[in-house]
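Please go through the model shown below with a few questions on its contacts, its salt bridges and its interface.

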Amino acid sequence: MVRSLFLLLAALVALPLAAEAQKPIKVGVPMPLSGPPALFGEPATKGAQMYVDEINAKGGVLGRKIELLMRDSKADANEAVRVARELILKENVDFLMGTLTSAEGPAVSVVAKENKIVFIAPIPKTDQLTAADKLHPYVFRVAANTTMEGRSAAEIVAKWPVTKIATIAFDYAYGQDVTRSFVEHIKRLKPGVEIVDQQWPKLGEQDYNPFINAQMAKKPEAVVSSIWGGFFVTFSKQARALGYFDALKYNFIGLGEAASPETTKSMGADYPVGIWGNSYDAFYWEDNPGPHKDYTARLSKYLKDEYPSSWAIQGYIGMAFLAEAIKKAGSTDSDKVAKALLGLTIDTPIGKQTIREKDHQANRGQLYGKTVKDPKYAFPIMKPITYVDPTKFMD
Amino acid sequence: MPDLSFVFAQSLSGLTAAMFLFLIASGLSLIFGVLRVLNFAHGTFYMLGAYSAYQIVQWLGTGPVTFWVAALGAATGVALLGGIVERFLFQRLYGKEELYQLLFTYALVLILSDVARIIWGTQQKSVGRPPGLTGAVSVFGATIPDYNLFIILLGPAIALGFWYVLQRTRIGRFIRAAALDRETLGALGVNVRALYTGVFMLASFLGGLGGALISPMRAIVPGMDTEVIVEAFVVVVIGGLGSFWGTFLGALIYGQVLSFGILFFPRFSIFSIFALMAAVLIVRPWGLLGRPLK
């Protein structure tokens, strides 16, 4: 009798402990979910959620489920910091995975440092996020950075038979950094190159006509642009009407994902077919390593979209790195997980990805290609697609 | 010294921008001139005009007149929405403190932009240029897209039509009278309530038309509402709030300063605009062609 009473007591004491072990691992996701940047923020959170749903269906990590807590950061550094703090202090999240703009990323990185919580940035590209003076043990990036993107473009443009090159970019951190990286690298690769014009519209400019006229007056042979997202739609509509792409003989490369399926899809026949562009992903990327095809099929089903978003993959890879690091660390302690992330290589839908030990930066390249019409789709696609592996020129 | 064809191209691109701004800012100015309400939600009507035009084009498919049907349909739809908003909501605001009006119209901006997001999502939308206006002409060595030319001609046409209605018709007299003294006009037997609704619908129509007509030149995205309202405000502040020709002049100045500003201050073209606005506010706080408020 006494013995069974003991057992009962022991069970009662042990029960909460067992429940503790079963509590989900909480991951805070600050991401723009309203306004124009939601265009990328929303699919990125869905990609993260798909990864989480898949891993939870297999029993989770360390026997615990992962739970995502999404918060709208409004693409604003202050708001991102506020929601990140709230996620840490009120919701007791174990990790942070999120942010989109180059303003939000570094701001949230500071919060992660203060609270000693691992923070994985899936989209911000600014070099400052992982620059030597800003780097700390808890911040990691699975996006490309401006150095890698600018240099990738230079590798491509260096092969074109052109010497007079112009640039157009928004006048803020991302636009300036990516343009500078491009100019430095192309001058190294092809010393004869001359930069004949540089235009700097303000971020979010709606009327590009004056900039386009001014640039055409300098008669460049090729242009490198980093006008991104919906802004590229506006820019290219106005540029096409002015005969800009014809004058350049389509020697134009649009960075900032100007050739993403989302953009070509929304413009359809209006897209300046023949230009070069890049993208994080493309559902029609056929000659790619095996797991991508399967990933695309799953994503298509998950998003109920025949042509699924190219941004989902960033949230997906961000969560994959986090989950694999937790597994490797055998713990959800941020110090241990941060150590596990150093030099970690994982399999992703686009192949193997490694987070470098020296700067916490993944070797995330992007897809580049010349846009062409394809009878299979009502919108242009990149063909052939080249995945530019940045490993050689990351430093 | 830049060559002449470039200067010409630059001034025409400034003119195109000006005519769009005029279209949008004239509605804003009209509402303020007659109803004495600063309608922050005017930019939202512009955005809804663009989305509606996109939607109608989707429904009708591509045809020679699809775009024009869509533009007029969108503007009419927005005018009807404006009528409903005025009848049921704005009517309660007249004569209230400016702060209430501001808060109310701002609330409308937030609500309607969320409604647009629920209907059309966050993906950017795009409308092609109408068939027949996809080409470009070459004038003095400068390339001018046909569509821009059409806008440059449409702006003054609307301005003249507007002027004619306001100055030469009975309705126009009532509208001008309502701007000056609403009580007396009411006492003389004019249905001021209906007049206000009509003016609001006309202003919404212009805003919606502006949004629909700009869709072949810009991406349709959430957030386009607040961008345009700031520009429209600058235009009416420079020209004079409530002044019709002032709005026209303000738009012309805005377009040219933006176009040529980038030659002198390549990275600060927007700065020249705000510097100009500040200068106008210091010298003539009521705008270039406006009248001082009593």
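Q: Is A:Asp374 buried or exposed?
A: This is a predicted model, in which local features need pLDDT of at least 70, side-chain atom pairs count only at pLDDT 80 or more, and totals for chains, interfaces and linings use all residues. Side-chain values use heavy atoms, with hydrogens and water left out, residues are numbered from 1 along each chain as its sequence is written, and chains are lettered from A and ligands numbered from 1 in the order in which they are written. The classes are buried for under 20% relative accessible area, exposed for over 50% and partly exposed in between, with a 1.4 Å probe and protein chains only. Because the relative accessible area of A:Asp374 is 8%, this residue is buried.

Q: Which residue forms a salt bridge with A:Asp374?
A: A salt bridge is defined here as a side-chain nitrogen of Lys or Arg within 4 Å of a carboxyl oxygen of Asp or Glu. With the closest N and O atoms 3.3 Å apart, the residue that forms the salt bridge with A:Asp374 is A:Lys383.

Q: How many residues apart in sequence are the parts that A:Lys376 and A:Glu286 tie together?
A: These two residues form a salt bridge whose closest N and O atoms are 3.6 Å apart. A:Lys376 lies in the loop between strand 13 (366-372) and strand 14 (381-382) of chain A, and A:Glu286 in the loop between strand 10 (276-279) and helix 11 (291-303) of chain A, so the pair ties together parts that are, in sequence, 90 residues apart. Helices (H or I, at least four residues) and strands (E, at least two) are DSSP runs numbered from the N terminus.

Q: Which side chain is joined to that of A:Gln353 by a polar contact of 3.3 Å?
A: A:Gln353 is placed in strand 12 (residues 351-354) of chain A, and counts as buried because its relative accessibility is 1%. A polar contact is a pair of N or O atoms within 3.5 Å; within protein, one must be able to donate a hydrogen and the other to accept it, and residues adjacent in sequence count only if both atoms are side-chain atoms. The side chain of A:Gln353 also reaches the backbone oxygen of A:Asn363 at 3.4 Å. The side chain joined to A:Gln353 at 3.3 Å is that of A:Tyr387.

Q: How much area do chain B and chain A bury between them?
A: Buried area is the accessible area (1.4 Å probe) that two parts lose on being put together, summed over both. The contact, meaning heavy atoms within 4.5 Å, takes 32 residues from chain B and 35 residues from chain A. With 51% of it on carbon and sulfur atoms, the area that the two chains bury is about 2,900 Å².

Q: Which residue of chain A forms a salt bridge with B:Arg117?
A: Between chain B and chain A there are 16 residue pairs in polar contact, both at pLDDT 80 or more, while the count of salt bridges between these chains is one. Helix 1 of chain B gives the most to the side of chain B that touches chain A, with five residues. The closest N and O atoms of the salt bridge are 3.8 Å apart, and the residue that pairs with B:Arg117 is A:Glu42.
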